[in-house]
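This briefing sets out the main features of one protein model, grouped by topic. Please consult the sequence and structure below while reading.

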Amino acid sequence: MNLLSVEGVGKTFQDKAIFENISFGINQGQKIALIAKNGSGKTTLLKVIAGVLSPDQGEVNQRKDLRVSFLAQEPILNSQLTVEECILQSGNEILQVIQRYETALLHPEEEEEYQAAFEAMDQHQAWDFETQYKQILFKLKLDQLEAKVGSLSGGQRKRIALCIALLEKPDLLILDEPTNHLDLEMIEWLEAYFAKEKFTLLMVTHDRYFLERVCNEIIELDNGELYTYKGNYSYYLDKRDARIVQETTEAHKNKQHFKKELEWMRRQPKARTTKSKSRIEDFKVIKAKAHQRRQEHEVQLEINMERLGTKMIEMHAVAKVYGDKVILDKFDYNFQRNDRIGIIGKNGTGKSTFLNLLTGTDKVDGGKIVWGETVKFGYYTQGGIEVKEGQKVIEVIREFGEFIPLKKGRKISAKQLLERFLFDRKKQYDFVEKLSGGERKRLYLCTVLIQNPNFLILDEPTNDLDIVTLNVLESFLLDFPGCLMVVSHDRYFMDKIVDHLFVFRGAGQIDDFPGNYSDFRSYENSQSKEDKAKETKGKGDWKNPKAQSSSLSYNEQKEFKRLERDIARLEEEKATIESRFIAEDITPEEITTLSIELNTLTTTIEEKTERWFELSLLAD
């Protein structure tokens, strides 16, 4: 059954067409994701469909009495209300019935009002709804019901708006980046909730696992054309690649046809017969097709990284406490080259504080942190870029210089760099405040990377970035030769980028897990209550290498394979350093530096090899 139809819709902003002539339908039970590059108007299109904005052309027709809920990226809530008041005053009739019943419970002497409230609960089948209401509040961690909305963070306000949208039980739920500001536990619960509940969904999200597990249809807006894929994210990737191959083949045929017709036109036929005139008109169409190029840009990240010394960062018995809340409790870790660490944990367990301590923007309460002399941070924070009134995109980059160094002594201009980050010449002279959320994040990422960091920290880098940019960013990070630390709720991103995790448990407990996020979830899910009881005694625990059984556990196998890869990589580095000693132009200073590096590398190889032998004996 059709719920809503989008017919020839277009929207213009400041004489620029954001999109035009968009048409598609939404049927009951569909779970649709809208995919497009940043700046293509995804958020604007959702607002038009939700009725928040009016289209400049075309129309949106919906079934009579259709109930639509819209979750905006930045929801507008009354800051003077408490969390509970905000939810109860959202216009949800059943919630109001529950509120009247709970008020009647406080005054049992007023029997008539209590009886009326009780009957209303039955009439509206509100008993089960009340259970769901409390479950949603619990899962979204909205336990401070008396707190004023104005005192809450943007993430907390987003969760309130999500709670309101879910409780409305709409016929059509429209979601703009629903997983932003949710921790991993919340995201996984929301996935299961959508799988269980019979919602009809239209959403924009960058979370590719969410797309894979929730959606049954993908709509892609690409270069002004709308393409529909009747499947999940994996299906979309396969069919999209096939479409692009076909388009490339057709483009080649069009060019060959154009060349043939161009030769005919140049001969300037004297006889202007009806047939020749028709052919001339056809030539114009062929020419247009032949010159049509796919606007398939990719962010090219080839920034020159500062040289990294042998000493990175050492954390010795670091402690940090806020009031009665323990963030770190005698935490030890020595960062190594090529460390690729993901940080996960519930909101409020101290992840951001840890990053602030690491970068020196916050002070430790105990222990010490020692930084190597060559460490240069690149810190991408959730706060994003600071928008200055009247500042243009090109001016942001020029603050770092007119020319930016690349690898092998090359350099590019600020304009060229922005083009690599998908800002064309016209876009470079737009005001920053007019950019979309994703475009601002892309610009901010550019300003972080052009400073040539060798220790890169990314705090929620995937929020608001389009999937094309995410794929290219992942490719860059896989080749990044420095130290990398990522805080992200994007499970797909974490799986692809990191090879071990800091798991923030709360109360100062941080576990170093040898694997990516999916490995961690598999490990956690495989542990029965009995196994966890044994872990606390130090038996078969991946955190207690001395307390092992005679065969390798799952995570020991992971460590064993990781050691094999590390030793092979380190041996290659050792061979490279040794080869530099025979260079004719090597200086005494370079010999000293290389000798220190070689000594450190040899020690690391020996330690890892010793551990590899320990595990290989256990495996036997």
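A residue counts as buried when its relative accessible area is under 20%. By that criterion, 46% of the 620 residues of the protein are buried. The model discussed here is predicted, not experimental.

**Overall architecture**

- The protein contains 20 helices and 20 strands.
- Its accessible surface amounts to about 32500 Å², and carbon and sulfur atoms account for 48% of that area.
- Of the contacts between residues at least 6 apart in sequence, 67% link residues at least 24 apart.

**Helix α3 against helix α5**

- Two packed helices are described by the angle between their axes and the distance between the axes.
- Helix α3 spans residues 93-105 and helix α5 spans residues 126-139; their axes come within 10 Å and cross at roughly 95°.
- Angles of 65 to 115 degrees count as roughly perpendicular, and α3 and α5 are therefore roughly perpendicular to each other.
- On the α3 side the contact involves I94, L95, V97, I98, Y101 and E102, which meet A126, W127, F129, E130, Y133 and K134 of α5.
- By class, this contact of α3 with α5 comprises nine nonpolar, no polar and three charged residues.

**Helix α5 against helix α7**

- The axis of α5 also comes within 10 Å of the axis of helix α7 (residues 184-196), with a crossing angle of roughly 150°.
- Because angles over 145 degrees count as roughly antiparallel, α5 is roughly antiparallel to α7.
- Q135, I136 and K139 of α5 form the contact with M186, W189 and Y193 of α7.
- The residues in the contact of α5 with α7 are four nonpolar, one polar and one charged.

**Helix α6 and its surroundings**

- Helix α6 (residues 154-167) has 14 residues and reaches 20 Å from its first C-alpha to its last, close to the 20 Å expected at 1.5 Å a residue.
- This helix is mostly covered, with 11 of its 14 residues buried.
- Among the buried residues of α6 are G155, K158, R159 and the residues I160, A161 and L162.
- The buried residues of α6 pack against the strands β5 (68-71) and β6 (172-176), and against the helices α2 (83-88), α3, α5 and α7.
- Just after α6, K169 adopts a positive phi of about 45°.

**S69 in strand β5**

- S69 is located in strand β5, and its relative accessibility of 3% places S69 among the buried residues.
- Apart from neighbours within four places in sequence, S69 contacts A165, E168, P170, L172, L173 and I174.
- One of these contact partners, A165, is itself a buried residue of α6.

**V396 in helix α12**

- V396 belongs to helix α12 (residues 393-398).
- With a relative accessible area of 5%, V396 is buried.
- Not counting residues up to four places away in sequence, V396 touches I385, Q391, V432, L443 and T447.
- The C-alpha atoms of V396 and I385 are separated by 9.6 Å, and the two residues are 11 residues apart along the chain.

**Helix α15**

- Helix α15 (residues 467-479) has 13 residues and reaches 19 Å between its first and last C-alpha, close to the 18 Å expected at 1.5 Å a residue.
- Its buried residues are I467, T469, L470, V472, L473, E474, F476 and L477.

Key:
Residues are numbered from 1 along each chain as its sequence is written. This is a predicted model: local features need pLDDT of at least 70, side-chain atom pairs count only at pLDDT 80 or more; totals for chains, interfaces and linings use all residues. Side-chain values use heavy atoms; hydrogens and water are left out. Helices (H or I, at least four residues) and strands (E, at least two) are DSSP runs, numbered from the N terminus. Buried means under 20% relative accessible area, exposed over 50%, partly exposed in between (1.4 Å probe, protein chains only). Contact means heavy atoms within 4.5 Å. Accessible areas come from the Shrake-Rupley method with a 1.4 Å probe; for residues, only the protein chains shown count as cover. Axes are lines fitted to C-alpha atoms, for helices over the stretch in contact, and angles run from 0 to 180 degrees between N-to-C directions. Angles under 35 degrees count as roughly parallel, over 145 as roughly antiparallel, 65 to 115 as roughly perpendicular and the rest as oblique. Ala, Val, Leu, Ile, Met, Phe, Trp, Tyr, Cys and Pro count as nonpolar, Asp, Glu, Lys and Arg as charged, and the others, Gly among them, as polar. The expected span of a helix is 1.5 Å times one less than its number of residues.
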